[in-house]
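Here is a short report on a predicted model.

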Amino acid sequence: MSVGGVQRPARVAVIGVGILGAGVGWNLSRHGAEVVFIDAGRPGEGVTNWSFSWVNASNKTERRTYFELNVAGMAAYRELAETIGPDSWWHPSGHLRWAGDPAAEAKLLETVDLLASWDYRVEVCTGAEVRRRLEPALRVPDKTPVLFYPDEAWVHGPHLVGRLVSRAVECGAEHRPGAAVCDIGIGSDRSVRTVTLSDESCIDVDAVVNAAGPSASRVAGLIARQLPMRREPGVVTRIGCARVPVHRAMHAPRIEIRPDGDASVVLHSREIDALIDTGEDPAELARLLHESAKHVVPELDSSLIAQTRVVHRPIPSDGFPSVGAVPSVPGYYEAVSHSGITLGPVIGRLLASEILSGKRDETLADFRPERFPQ
């Protein structure tokens, strides 16, 4: 494939079909590249399916460039909904957050001031107002300050990934489910040449995208690259409901709650994540999550725990995404990030453009793979 007189990849293997891999692959396919999706599991059924799936930038204030990347991710979702249709995957209903003690409350209100200075929309409501206007099923004290972020959303990850992969296949992409990558072949010029799968097939490729989530470090090792990753497990529980009593994602004290379609709710808690390494049984962790949720939404008392999973988040060691080319191995690219749900559409667009044009977007300048020394 020639772009501006420069030869660019014609066949790209996308390793990992979660939200990041699906986003990159769809963007490549619709712009003429030949894409092969590779995943040992089914599309969107890995970490993407066990994410809190909250689209936001309000929780990304540790670095201004990271905040701006997440704001771009939010905008990319609105564009994506217009392009492929919102259907069952897109839920732009906003987000609620409140604290359980004065110190945490003061910290939240400090963040409000910072976000306001960065032109990010947030409303400060009372608990009474929130019950009246937004979430009547909540148990939150009348005078407690509750932050409402109207531009935030939640996403049904597997539904979105399925839609993107289907669109890519319609554009000519190939999907190889149920096969893991065993080797990446490198030519004498150090550039990517082949990908070998667990079914013993070997695919000739011009480039690979490492979007393998928690397995990204292993995939990087196939080209003798060290990609340092954090070990940060999380536990997520789905509970079944005859009627879903909440309408949007929320962070309450010690528990995170969001709808998950018409008959279930997703629960997560950083405090309960801290118990994973104590050896606590996942069933007990699920029970603790359920108990915490019932204090906030009493109507969940009659709900039943349906599924629980402990997953490893794909977080590079410094906490920020690793996205783009690795110059020492031409044709090898990374798309590895925590907050993959928020960043999937924008990383998908920017990385596909880089692969096809060779031009590096400044939006990703702070998140390049080469910041990790080899």
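## Nonpolar cores

The largest nonpolar core has 60 residues. Leu28, Tyr77, Trp89, Leu160 and Val209 have the most contacts inside it. Such a core is a set of buried Ala, Val, Leu, Ile, Met, Phe, Trp, Tyr and Cys residues joined through side-chain atoms within 4.5 Å. Buried means under 20% relative accessible area (1.4 Å probe, protein chains only). A second, separate core has 29 residues, including Trp98, Cys125, Val130 and Val244.

The model is predicted: local features need pLDDT of at least 70, side-chain atom pairs count only at pLDDT 80 or more, and totals for chains, interfaces and linings use all residues. Residues are numbered from 1 along each chain as its sequence is written, and side-chain values use heavy atoms, without hydrogens and water.

## Helix α5

Helix α5 spans residues 157-170. Helices (H or I, at least four residues) and strands (E, at least two) are DSSP runs, numbered from the N terminus. The 14 residues of α5 reach 20 Å from first C-alpha to last, close to the 20 Å expected at 1.5 Å a residue; the expected span is 1.5 Å times one less than the number of residues. Gly172 follows α5, with a positive phi near 110°.

Buried residues of α5 include Leu160, Val161, Leu164 and Val165. Their cover includes α1, β4, α2, β10 and α9. Leu160 touches Ile19, Tyr77, Leu80, Ile84, Trp89 and Val155, leaving aside residues up to four places away in sequence. Contact means heavy atoms within 4.5 Å.

## Ser264

Ser264 lies in strand β19 (residues 264-268). Ser264 is buried, at a relative accessible area of 14%. Beyond four places in sequence, Ser264 touches Ile239, Gly240, Cys241, Val244 and Pro259.

Technical notes
Buried < 20%, exposed > 50% of the residue type's maximum accessible area, 1.4 Å probe, protein only.
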